[in-house]
Amino acid sequence: MNRNMERAAPFIFGLVGLGLWQGAVWWLQVPLYVLPGPVAIVAAYAGDYAVLNAALLSTLTVTFAALLVSATLGVALALAMAASNLARAAIQPWAVILQVTPVVAIAPLIIIWVNQPFLALVVCATIVAFFPVLSNTAAGLAATPKELLDLFRLNGATRWQTLILLRLPAALPYFLAGLRISGTLALVGAVVAEFVAGSGGFASGLAYRILEAGYRLQIPRMFAALVLLALAGMAIYGVLGLFSRLMLRRRDAA
Amino acid sequence: MIVVDGVSKTFPNGTAALDNISAKIGEGEFIVLLGPSGCGKSTLLRLLTGLEAPSGGQILWPEGAAGPGDIGFVFQDATLMPWASAAENVYLPLRLRGTSRAETREAVMAALAQVGLAEFANAKPAALSGGMKMRVSIARALVGAPKLLLMDEPFAALDEFTRFKLQADLHDVWRRTGKTIVFVTHSIYEAAYLATRVLVMSARPGRVAADIINPVAEGPERRTAADYTAFVKTLSDVLRKVMPT
């Protein structure tokens with residue numbers, strides 16, 4: 001009973017919020033171009049779903065490409081950092097610098113440097129997304145149980161054996177947690193890059209549709225695109241969480 | 001025979017953990033290092049592995065030094081790899097030495113059978129109780145036929161009943177295999193039950209305060225025999241004298 005209530009709570013809360021929103025918009029007769037109600041947003045989506053869905057697909061393609069690159073790059077750099085202190089000292093500050101630099105600031109440069117638009121978007125999204133995979137995997141590789149490391153040494157294990165049989169599998173849960181955060185960040189990065197590219201006339205992705213709708217004062221359409229983005233973000237977070245749980249359960253459960 | 005010859009250990013922060021420890025570890029002995037926390041018994045065990053060097057003195061093996069696989073180690077926690085089955089965990093030391101799964105299957109199964117877990121070969125650690133995990137850990141330490149088995153308070157985290165059973169089973173394993181074992185504990189009862197010889201250690205810095213042969217006869221009544229109670233009292237008296245007040 002209590003659990004079910006808890007499960008239903010966000011939906012009830014959302015519905016009440018939507019109801020209040022719609023009621024207020026009707027009651028106060030707020031113009032559509034200032035704040036559309038949920039009904040108008042759904043109607044806008046229904047009237048334009050082909051274009052919006054295509055834009056969503058384009059954004060998601062960039063997101064997944066960036067996530068794939070982030071995972072590969074993050075793990076590779078984390079391995080290098082785990083293998084040598086020199087590599088750690090060399091890589092760590094640059095990873096942090098890249099992480100704290102706002103991508104909005106460097107996206108225009110990247111879009112100029114990288115001629116191919118899709119590639120430019122992936123590069124931007126990767127810059128935003130790769131850090132959690134890197135830092136989590138590095139933390140996981142550093143957190144190998146000391147006793148097991150001793151056991152490997154006692155039995156004359158090579159570095160390679162220790163890496164493959166112990167450190168990588170021990171770091172897997174950390175990597176998966178990082179991947180989940182990186183997934184949502186890749187979406188954010190893709191959208192930010194699209195905004196920059198979109199204002200430069202590159203027409204693709206949800207961010208471009210948001211910009212376009214804003215220019216034309218099609219505010220309900222703009223909101224519809226925003227809702228799609230939010231849903232996509234939640235889906236990515238949920239799917240990656242599920243993937244991580246299933247994978248670890250499959251591996252560690254009897 | 002392994003000779004611990006005047007071994008001292010001072011940590012980089014200046015703490016003197018061990019001071020001039022000398023002892024001989026004869027083949028087939030079950031030596032228990034007994035002492036209060038901070039007496040350096042775990043440090044001594046670690047020096048015996050050779051993973052860490054003493055600050056003074058030396059540890060002499062008959063052939064000079066311990067090689068890979070010469071030492072089996074059981075930690076306070078079972079420290080199994082959670083992603084690997086019991087059999088895979090036990091197979092680990094053999095695998096690291098480059099032997100194949102096929103040629104070691106029998107050895108792995110025998111080691112599991114020795115600790116009473118033959119039916120649980122394919123179980124992952126998550127499905128095993130604390131006592132069973134410790135059994136797997138012991139099987140993993142035994143599988144490579146090490147010359148020396150080192151155990152660092154392996155039963156301290158278990159409940160009383162599981163501990164009694166595991167102590168009895170370990171004692172059986174020792175009697176059947178004649179392994180040389182060095183076992184660290186802070187439990188007087190555990191020491192009196194398991195040991196053939198007890199080294200009582202004093203704290204800060206760790207010294208050997210007494211080296212006592214266990215007089216209690218082998219057999220099923222070991223834990224209830226009158227001389228067991230007497231031996232517990234002897235050990236308690238020694239410990240009382242070395243405990244910092």
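Where in chain A is Leu217(A) found?

Reply: Leu217(A) is found in the loop between helix H9 (205-215) and helix H10 (219-252) of chain A. Helices here are DSSP runs of H or I with at least four residues and strands are runs of E with at least two, numbered from the N terminus. The model is predicted, and local features are reported only at pLDDT of at least 70 and side-chain atom pairs only at pLDDT 80 or more, while totals for chains, interfaces and linings use all residues. Residues are numbered from 1 along each chain as its sequence is written, with chains lettered from A and ligands numbered from 1 in the order in which they are written.

The backbone at this position deserves attention. Leu217(A) is not a glycine, yet its phi is positive, at about 55°. Most residues other than glycine have a negative phi. Leu217(A) is exposed, having 11 other C-beta atoms within 10 Å. On this scale 20 or more other C-beta atoms within 10 Å make a residue buried, 12 or fewer make it exposed, and values in between make it partly exposed, with C-beta atoms placed from the backbone.

Gln29(A) occupies the loop between helix H1 (2-28) and helix H2 (38-47) of chain A. It counts as exposed because it has 6 C-beta neighbours inside 10 Å.

Along the principal axes, the C-alpha atoms of chain A fill a box of roughly 75 × 55 × 25 Å. Of the 254 residues in chain A, 35% are buried. Among the contacts in chain A with a separation of 6 or more, 77% come from residues 24 or more positions apart, a contact meaning that two C-beta atoms, placed from the backbone, lie within 7 Å.

Chain A in turn meets chain B: 17 residues of chain A and 18 residues of chain B take part in the contact. On the chain B side, strand E5 (71-74) and helix H2 (86-96) each supply at least two residues. That side of chain B has 13 nonpolar, three polar and two charged residues, where Ala, Val, Leu, Ile, Met, Phe, Trp, Tyr, Cys and Pro count as nonpolar, Asp, Glu, Lys and Arg as charged, and the others, Gly among them, as polar.

Chain B has seven helices and nine strands. Its radius of gyration is 18 Å, close to the 18 Å from the globule rule for 245 residues, so chain B is as compact as a globular protein of that length. Of its 245 residues, 40% count as buried. An automatic or database assignment supplies domain bounds, and chain B is divided into domain 1 (2-66 + 147-242) and domain 2 (80-145). Their C-alpha centres lie 25 Å apart. Across this boundary, 10 residues of domain 1 are in contact with eight residues of domain 2 of chain B. Helix H5 (residues 160-177) of chain B gives the largest share of the domain 1 side, five residues.

Five of its six residues are buried, so strand E8 of chain B is largely enclosed by the rest of the structure. E8(B) pairs with strand E3 (residues 30-34) of chain B in the parallel sense over four bridges, and Leu199(B) is the bridge partner of Leu33(B). With strand E9 (residues 207-213) of chain B, E8(B) pairs in the antiparallel sense over six bridges, including the one between Arg197(B) and Ile213(B). E8(B) and E9(B) form a hairpin with four residues between them, and Arg204(B) in the turn has a positive phi of about 45°.

How values were computed. Two strands pair if DSSP finds at least two bridges between them. The radius of gyration is taken over C-alpha atoms; the globule rule is 2.2 Å times the number of residues to the power 0.38.
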